[in-house]
Amino acid sequence: MSNKVIHAIYDDDDVLLHAVKDVKAANHHIEEVFTPFPVHGLDKAMGLAPTRIAIASFMFGCLGLSVAIWLTNHIMIEDWPQNIGGKPSFSYLENVPAFVPVLFEMTIFFAAHLMVITFYLRSRLWPFKKAENPMPSTTDDKFLMEVAISDNEKKLVTFLKKTGAIEVKVHEKNGES
Amino acid sequence: MYTFSKNLKFLSLSFMVVGALALGIGFLSAPSNVEEAKAMVADAHGGHDSHAVTTHDSHAADHKEDTHHDNHNASHDTHADTHDETHAEGHDSSHDEHLLHQLQNKPWAAVYVAALFFMMIALGTLAFYAIQRAAQAGWSILLFRVMEGITAYLLPGTIIVFVLLVLSGLHLNHIFVWMDADVVAHDEIIQNKQSYLNVPFFLARALFYITGWNLYRYYSRKFSLAQDGENGVSYHKKNFRLAAGFLVFYIVTESMMSWDWIMSVDPHWFSTLFGWYVFASMIVTAVTVIAMITIYLKSRGYLEDVNDSHIHDLGKFMFGFSVFWTYLWFSQFMLIWYSNIPEEVTYFITRIEDYNFLFFGMVVMNFVFPLLILMNSDYKRNNWFIIIAGIVIVLGHYIDVYNMIMPATVGDQWSFGLSEIGSVLLFAGLFIYVVFSALTKVPLKPKGDPLVKESEHFVY
């Protein structure tokens, strides 16, 4: 199997989106698209599976809520009950309105932070990681589509040029994918 | 053009007839003197098991601490120091008269709750519509005619509420205790509020709010229809400016409306975020009703350009405003619960003791249920989920309005009897009749709107 791929470079997100649809319609395999900002509808056009991060977020929220219930109960009821504002803390249920802000904040805190961390891990991003994008200008103002080649190099290059790419070049991937 | 289907018309008319009959019976069966009232309560308790009788007895014994009597039985708290001596003799007869007033209030309060609830659906829709206009939103253009149809109920709805307020002002009922001169004479707190809470000023304010809202509704509808016949954007701009002005007027008058028409039934009690709380309730009901009527019209083959994304957006608003309502409900509750100041906390004590199931049940209906069912993005695009969540939200917010009015007007004598169900049916029938008649008047697509193309192609 060859390690050759084609890099088609675009300078407009609308043109890119149409190109992605054309390439998909012509049954070519898009390996990856690099963009400087999120392009609305690109995931659908590329046929990526829908994200499951919402489910993860819900579960993180439930975890946060459980931790907060344990935390408030342990601190305020079991370990060191205090009489605050004439409301002695001997019963969790009777004091729960006072804890609701904490329950709410902890739910949000867990859902938000764990969701970001999950997203980074799932995208294989961590500190000091070497950038994977093949061309630094995709973080500035260019869009790059990586298309796999299977014995149709010439045809594919002309096809991609017709989709509005400002530059099409063949790229040899070395070893790592 | 939409045609009002025969079945729906029949449904709305039969709702009105059955509702009016039930309500009439409710009024006729209200007691006219103390003996009848006592007999009714005795009958109701005779059927209960021994447990109910015991709780009733202990309740009567605790009567001195029974805070919801504060409002009506004015001597109860202003003469707190001489309480024990004077109260003992006057206790039985004043309690019986209080009971009579509560039972006489019941059909009136039931009508008032239903009238307010349906009026607030139209008012909330008008506010939502004005927000779309002022924001020049592109997605919602195709729903404008539906919203305008719902706001057609504003005029009859506000007139009915106004008539009920006038009848209260004429002392035909005891919904607003501060209108009763005998009560005020013994109540220093209400005396101090007399410059604001007096019948002529109260009715003048009501007239002012109602006129303002209906003027906006009239002109926005007029410009909206005029836009269909023109190519330019002059009416669009006019509607934009009008909506921005109306929103300022609305948020002030809505807040004052909630103090006047709802909070003043408990004239000792006040909450500074009450206007927002009522607003949250009315806007979530309004968005829900917009979504349900849109889905109904779509299921009948109208509104063919409205797609899943429009429903999805309405679903997001239903979800978001439900959470917003809960936030305000809880903020109000927690501050009062924590500070535990007697004149404030009576409000919640009455509700938790006498309305426990309704008071907490509505939080489940208005928060937990929509939160869980509408959280998933795909469910918000599914008509069935929107309708199911919508029915629960609408019922939940009816209970919310019920909980605002009933504890102060009928106390622990509440029930869902003929007058409650009858008045809901009566106003539901009227609401359906007025709204769907208004929908038949003009084409359902505002084709002259400069943003209508954006709405047609709206995809999330």
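How many helices and strands does the secondary structure of chain B come to? The count is 18 helices and 0 strands. Please keep in mind as you look around that this is a predicted model.

**Chain B: overall picture**

Chain B has 460 residues, and buried residues make up 44% of them. If we take the contacts in chain B with a separation of 6 or more, 84% of them join residues 24 or more positions apart.

The largest nonpolar core holds 116 residues. Within this core, the residues that touch the most other members are B:Val113, B:Ile150, B:Val287, B:Ile290, B:Met318 and B:Ile405. Helix H5 (residues 83-135) of chain B is the biggest contributor to this core, giving 21 residues. As general background, nonpolar side chains in soluble globular proteins tend to be buried together.

**A helix pair in chain B**

Now turn to helix H7 (residues 154-169) and helix H10 (residues 199-227) of chain B, which pack with their axes 10 Å apart at an angle of about 175 degrees. Because of that angle, H7(B) is roughly antiparallel to H10(B). On the H7(B) side, the residues that meet H10(B) include B:Leu155, B:Phe162 and B:Val166; the H10(B) side includes B:Leu203, B:Ile210 and B:Trp213. The contact of H7(B) with H10(B) is made up of 10 nonpolar residues, 3 polar and 1 charged.

**A closer look at B:Phe436**

B:Phe436 sits in helix H17 (residues 418-439) of chain B. Is B:Phe436 buried or exposed? B:Phe436 counts as buried, because 21 C-beta neighbours lie inside 10 Å. Not counting residues up to four places away in sequence, B:Phe436 touches B:Phe4 and B:Leu8. For a sense of distance, B:Ile159 is 277 residues from B:Phe436 in sequence, and the two are 19 Å apart in space, C-alpha to C-alpha.

**The sheet in chain A**

Strands E1 and E5 of chain A pair in the antiparallel sense over 6 bridges, and A:Ile9 stands opposite A:Leu144 in E5(A).

| Strand of chain A | Residues |
|---|---|
| E1 | residues 4-10 |
| E5 | residues 143-148 |

**Where the chains meet**

Finally, how many residues of chain A are in contact with chain B? There are 6 residues of chain A in contact with 7 residues of chain B. Helix H4 (residues 92-122) of chain A supplies the largest share of the chain A side, 3 residues. That side divides into 4 nonpolar residues, 2 polar and no charged.

Conventions
Residues are numbered from 1 along each chain as its sequence is written. Chains are lettered from A and ligands numbered from 1 in the order in which they are written. This is a predicted model: local features need pLDDT of at least 70, side-chain atom pairs count only at pLDDT 80 or more; totals for chains, interfaces and linings use all residues. Helices (H or I, at least four residues) and strands (E, at least two) are DSSP runs, numbered from the N terminus. A residue is buried if 20 or more other C-beta atoms lie within 10 Å of its own, exposed if 12 or fewer, and partly exposed in between; C-beta atoms are placed from the backbone. Two residues are in contact if their C-beta atoms, placed from the backbone, lie within 7 Å. Ala, Val, Leu, Ile, Met, Phe, Trp, Tyr, Cys and Pro count as nonpolar, Asp, Glu, Lys and Arg as charged, and the others, Gly among them, as polar. A nonpolar core is a set of buried Ala, Val, Leu, Ile, Met, Phe, Trp, Tyr and Cys residues joined through C-beta atoms within 7 Å. Axes are lines fitted to C-alpha atoms, for helices over the stretch in contact, and angles run from 0 to 180 degrees between N-to-C directions. Angles under 35 degrees count as roughly parallel, over 145 as roughly antiparallel, 65 to 115 as roughly perpendicular and the rest as oblique. Two strands pair if DSSP finds at least two bridges between them.
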